[in-house]
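Please work through each task before reading its solution.

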There are 4 protein chains.
Amino acid sequence: MVVVMAAEAGEADVQAVVERVESAGAEAFVSRGVNRTIVGLVGDVERLGTLNLRGMRGVADVVRISVPYKLVSRENHPDRSVVRVGGVPIGPGTMTLIAGPCAVETPEQTLQAAQMAQAAGATLLRGGAFKPRTSPYAFQGLGEKGLRILAEVRAETGMPIVTEVVDAHDVELVSSYADMLQVGTRNMQNFALLQAVGGAGRPVMLKRGFNATIEEWLMAAEYIAQRGNLDIVLCERGIRTFETATRNTLDISAVPVAQRLSHLPVIIDPSHSGGRRELVLPLTRAAIAVGADGVIIDVHPHPEEALCDGPQALVNGDLRELAKTVRDLPPLVGRTLTTV
Amino acid sequence: MVVVMAAEAGEADVQAVVERVESAGAEAFVSRGVNRTIVGLVGDVERLGTLNLRGMRGVADVVRISVPYKLVSRENHPDRSVVRVGGVPIGPGTMTLIAGPCAVETPEQTLQAAQMAQAAGATLLRGGAFKPRTSPYAFQGLGEKGLRILAEVRAETGMPIVTEVVDAHDVELVSSYADMLQVGTRNMQNFALLQAVGGAGRPVMLKRGFNATIEEWLMAAEYIAQRGNLDIVLCERGIRTFETATRNTLDISAVPVAQRLSHLPVIIDPSHSGGRRELVLPLTRAAIAVGADGVIIDVHPHPEEALCDGPQALVNGDLRELAKTVRDLPPLVGRTLTTV
Amino acid sequence: MVVVMAAEAGEADVQAVVERVESAGAEAFVSRGVNRTIVGLVGDVERLGTLNLRGMRGVADVVRISVPYKLVSRENHPDRSVVRVGGVPIGPGTMTLIAGPCAVETPEQTLQAAQMAQAAGATLLRGGAFKPRTSPYAFQGLGEKGLRILAEVRAETGMPIVTEVVDAHDVELVSSYADMLQVGTRNMQNFALLQAVGGAGRPVMLKRGFNATIEEWLMAAEYIAQRGNLDIVLCERGIRTFETATRNTLDISAVPVAQRLSHLPVIIDPSHSGGRRELVLPLTRAAIAVGADGVIIDVHPHPEEALCDGPQALVNGDLRELAKTVRDLPPLVGRTLTTV
Amino acid sequence: MVVVMAAEAGEADVQAVVERVESAGAEAFVSRGVNRTIVGLVGDVERLGTLNLRGMRGVADVVRISVPYKLVSRENHPDRSVVRVGGVPIGPGTMTLIAGPCAVETPEQTLQAAQMAQAAGATLLRGGAFKPRTSPYAFQGLGEKGLRILAEVRAETGMPIVTEVVDAHDVELVSSYADMLQVGTRNMQNFALLQAVGGAGRPVMLKRGFNATIEEWLMAAEYIAQRGNLDIVLCERGIRTFETATRNTLDISAVPVAQRLSHLPVIIDPSHSGGRRELVLPLTRAAIAVGADGVIIDVHPHPEEALCDGPQALVNGDLRELAKTVRDLPPLVGRTLTTV
């Protein structure tokens, strides 16, 4: 950390900073410039963070140098990780397709969507039984009934299940059905939920908050990792910006940036970021080309009747094109489509 | 609602829309323009919302006209509401000062902060026992021990307590101590928590998500109201923008806008939006002048030792100025400082 | 356009709207809902736009339905356009690589950068002689001397030149050297400049303002087109968001969105959006995969000595990888690299 | 400045940085931490800025410590400045009301608006003759004819004139009529224009770019100041955020922040930020309370017929309330309304 003293700070102010730092067992190096003095700190960052240096007289700013997450950081773990979900790998060298309906509605709709997904090359089935909805008047999901449908479709198709959990106290229930727990964008800073999934013994897909910086996303992953669970897959799904032509703005650069900062796999959700069907294929191609470890896509046998996010679900014609894309594009970036 | 047809939509596409709308028991009015056809819908918006019109062939856009919240809307409730917290009113005609420490640390610190707050004109005591923190390595609050300290300080000072709850399953515990439950900015779309506080029988302070539109904020309030609790106070605390000179950007316009859309009281948190002590007084003055129903402010007897957000806590000198501000400014906008 | 009446609007208010619309020679269709009345307007949008309907009593909102640009819109021009720059095409079917130094510094540096670019597959040379810089203390470019260097390098390499113009009154000078005029992100709404380049008889590359919506970008293109110049290439180069890990956030979705709304070619600048060398290749791959008609990239023979944006310039090792990418990836999305 | 070395940087990388810094005549202080080495630099920041340290091997980041503007900075000019416009002061101790029509349309409309403004307490007249419009199809202003109308109204009312200039080459013409030149939000980084108004010998009102950080705003002011003109008034007018309930989000905190960083006066435009008439008075009160040195407000005798921004213009009834506000509120924050 570096403490930047204000232009008007006196020698006594600088000394006070040095003394507080040293009394905490750390070292302080003072550099006196023409207009400013800066103090470089060497020691335990967590400890230094509690010293409240920013509140001291004469301090203009405190700049953190090292990253505030450890377990998920790539600094001490240079090899990128592979996370396995019911035997299906997500990580370097492969490109994993996860697909399925936004919401589980009926056994038939879920099975059809799964078969469509599988035909396109998907090896993991997504589907929501608990849906976080902005409006209290919108469809909230089937709950445990939906989980049972997912389990039946898994038995039928052999596809492991990825499904969302929205309340810390449902984690045990959802874990008893799911192969992978999804934490949604609105819950990325629901710390009680993060801690609960950290203790659940299941891989976790952590969607980036649409409002969250990449650093906050990695800190949210750190919450999960701290409970002993390092099987975390990061999922970029668009951020909120001033642009209204798309539902959110897909931050495609987040993939290489997060892969450089963290050893965890990073995938992209092209369906929710764009919010429109005609954007899904172009964004899927961009996701694979930029180096994502996977993509997660909404499919629905009858999107015009979907209870949730119908306008962005792929339909049959699109799926042939999707199948071609996930087969042909990964080899150009040194990957192969994950198969079972 | 209005359905905007694409330029290339044919007559059959328009008819399909009309038929789906009419089959749902609603009416459709077709207006044919030179380049476009639009279809105006009259009927139950919730029902129309489930028809997935946006996914139909030839539909370019669906524009919602009426607001998606009802219970908190001012349309059917033109008089602005007063919410009472342990007898202290928040609403039109008054300006209520809520103050206290960001986090409860010790009985002494909390009592001193409460007395400082009271001397400045505060009638409600804020203080966090459960703290949602971005980093898993930061101080997370004292939990129930903190709640007991707050109750003791209430007994000593007579000030009702406002405190945060971060997990749906703590609502009962926190409600057994608190006079008002606070839902924090990172939990504004934690729907499980919103529903739990809706059933708790305590007034709720709902902080705006730093990423949330005013409409989403009111929809979150609707979640609480739906459980039968209309004692909700909205609290603007800054939104995330590209500007980094302040922690967040205080959206001062949100006060008149939300007061016009909803009958609920709206207050401002000048401490967390700016994140710097020297901004608290100017922003408090702006908050009162713009017509806020109250302000909520961090105070700490020794901010340089605070475990949470020390740099923004007001200290003794500032408090004399605050006392003057909250006494002299409200009358100029037709309000008086709330007293007990 | 659709006029949404306020809930409290009376019949007289509705009539006043209808009369003003009809007096302007347009038609008004009234739809009366349970809570709201809406009025659909059919007629000349520009004319309707001047009626100030939003300011009338009882009007809650005015929603525009058709797009506010015409000449660049794809509605009346369904085929996507090809823009030729000194004989080099930019448009559907091809993928054009534009590369060169951010700023022209010396004849040697410019020639070397051009040869590096050409070896990687570039057919157009970029290079700035007039540089808009945020700080008045930063290098502002060589001016006409830089243009002469560019012309010499064109003579030597055969590559047509793309270069920026920052002042309406330099357009004639710059046009006398350049094959394509670039309007930079900070000038996207410099309307005097847009009109000047519209009359210059040279193709124009219009960078998206880092603060501009896609609609505003197309309106800026409309300013140029209105002066009779339809040889416009749109260039996405990142928008400003809350994320600070990258210089700007590349809005990759803007490519398919703008290509659907407008017939103009759309290219991507992966160098300026990310602002870091290690992001350039992944973002270039994403750009090609998403369907961009071209990419524009910074190269510099000695980036550590560059006077402008050195940290993002590609160096020799990267260029071999770039050459491979621009050769192998376009065929997978139905394009071929433009050659001369 | 501080150079942060990457975790993997070697001793040779650190030495290379030190040598480059010292060869530029500056000093480098190396602090070796457990994970990182940082190098503190002391010397001429402009010179250091050209060394491209960020591009060197092993460098993770370069953090600037001192501010990049000098002439407008408060560091070397602790007293806040007063700018006089035709004898009317804007600065500490006073609160100056500037008002008038958004666009000059006719002599009658302009005179009536000026008289309304004057009756409300305004001492400066605003009015646009050159209008920068997002759409090429919108009213672009009367040009020099508008300037002549403003001059006539100044002769009639005695109010000095503030008017916008949009092209560097109109500066001389506009200066021959205007008492103060306005640079609009879309031109805040039109550097050619900034330099031209810097040399015009007239006070300048510099609107903040709706996309600009406070630092960039002050750098734009530095461009003007560099040409010898320090009579600059900064005007906050709202920034672009994700919130769509208001046209822009008024960044009220920008006033105390900019006043602390710069000695220049800072005013607020409540009309353009909110974009709605009912927000103008609340935001004006907030502006005065937060400590703005002035406010600039749209008034129009017949807003429903205005050719520009009619929906936000104040009308007669509002103006009585405005007159009361600008008279009664400033004394509470230690100011008095500027009179002539």
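**Exercise 1.** Determine which residues of H10(D) meet which residues of H11(D), and describe how the two helices pack.

*Solution.* Step 1: in this predicted model, D:Arg277, D:Leu281, D:Thr284, D:Arg285 and D:Ile288 of H10(D) meet D:Asp318, D:Glu321, D:Leu322, D:Thr325 and D:Val326 of H11(D); contact means heavy atoms within 4.5 Å. Helices are DSSP runs of H or I with at least four residues, strands are runs of E with at least two, and both are numbered from the N terminus.

Step 1: sort these residues by class. The contact of H10(D) with H11(D) has four nonpolar, two polar and four charged residues. Here Ala, Val, Leu, Ile, Met, Phe, Trp, Tyr, Cys and Pro count as nonpolar, Asp, Glu, Lys and Arg as charged, and the others, Gly among them, as polar.

Step 2: Helix H10 (residues 277-290) of chain D packs against H11(D) at an angle of about 5 degrees, with the axes 10 Å apart. H10(D) is therefore roughly parallel to H11(D). Axes are lines fitted to C-alpha atoms, for helices over the stretch in contact, and angles run from 0 to 180 degrees between N-to-C directions. Angles under 35 degrees count as roughly parallel, over 145 as roughly antiparallel, 65 to 115 as roughly perpendicular and the rest as oblique.

Residues are numbered from 1 along each chain as its sequence is written, while chains are lettered from A and ligands numbered from 1 in the order in which they are written. Local features need pLDDT of at least 70 and side-chain atom pairs count only at pLDDT 80 or more, whereas totals for chains, interfaces and linings use all residues; side-chain values use heavy atoms, leaving out hydrogens and water.

**Exercise 2.** Describe the packing of H3(D) with H11(D).

*Solution.* Step 1: the axes of helix H3 (residues 107-120) and helix H11 (residues 316-328) of chain D come within 8 Å and cross at roughly 35 degrees.

Step 1: D:Met116, D:Ala119 and D:Ala120 of H3(D) meet D:Asn316, D:Leu319, D:Leu322, D:Ala323 and D:Val326 of H11(D). These residues divide into seven nonpolar, one polar and no charged.

**Exercise 3.** Describe the interfaces that chain D forms with chain C and with chain A.

*Solution.* Step 1: 41 residues of chain D are in contact with 41 residues of chain C. The two chains bury about 3500 Å² between them, 51% of it on carbon and sulfur atoms. Buried area is the accessible area (1.4 Å probe) that two parts lose on being put together, summed over both.

Step 1: in chain D, the residues losing the most area to chain C are D:Asn52, D:Pro136 and D:Tyr137, together 18% of what that side buries.

Step 2: chain A and chain D bury about 1700 Å², 72% of it on carbon and sulfur atoms, through 18 residues from chain A and 19 residues from chain D.

**Exercise 4.** How many salt bridges link chain D and chain C, and what joins chain B to chain A?

*Solution.* Step 1: a salt bridge is a side-chain nitrogen of Lys or Arg within 4 Å of a carboxyl oxygen of Asp or Glu. Chain D and chain C have two salt bridges between them, and C:Arg240 meets D:Glu216 in a salt bridge at 2.6 Å, N to O.

Step 1: the closest N and O atoms of B:Arg240 and A:Glu216 are 2.6 Å apart in a salt bridge. B:Arg240 lies in the loop between strand S12 (232-236) and helix H8 (254-261) of chain B and A:Glu216 in helix H7 (residues 214-226) of chain A, so the pair joins two chains.
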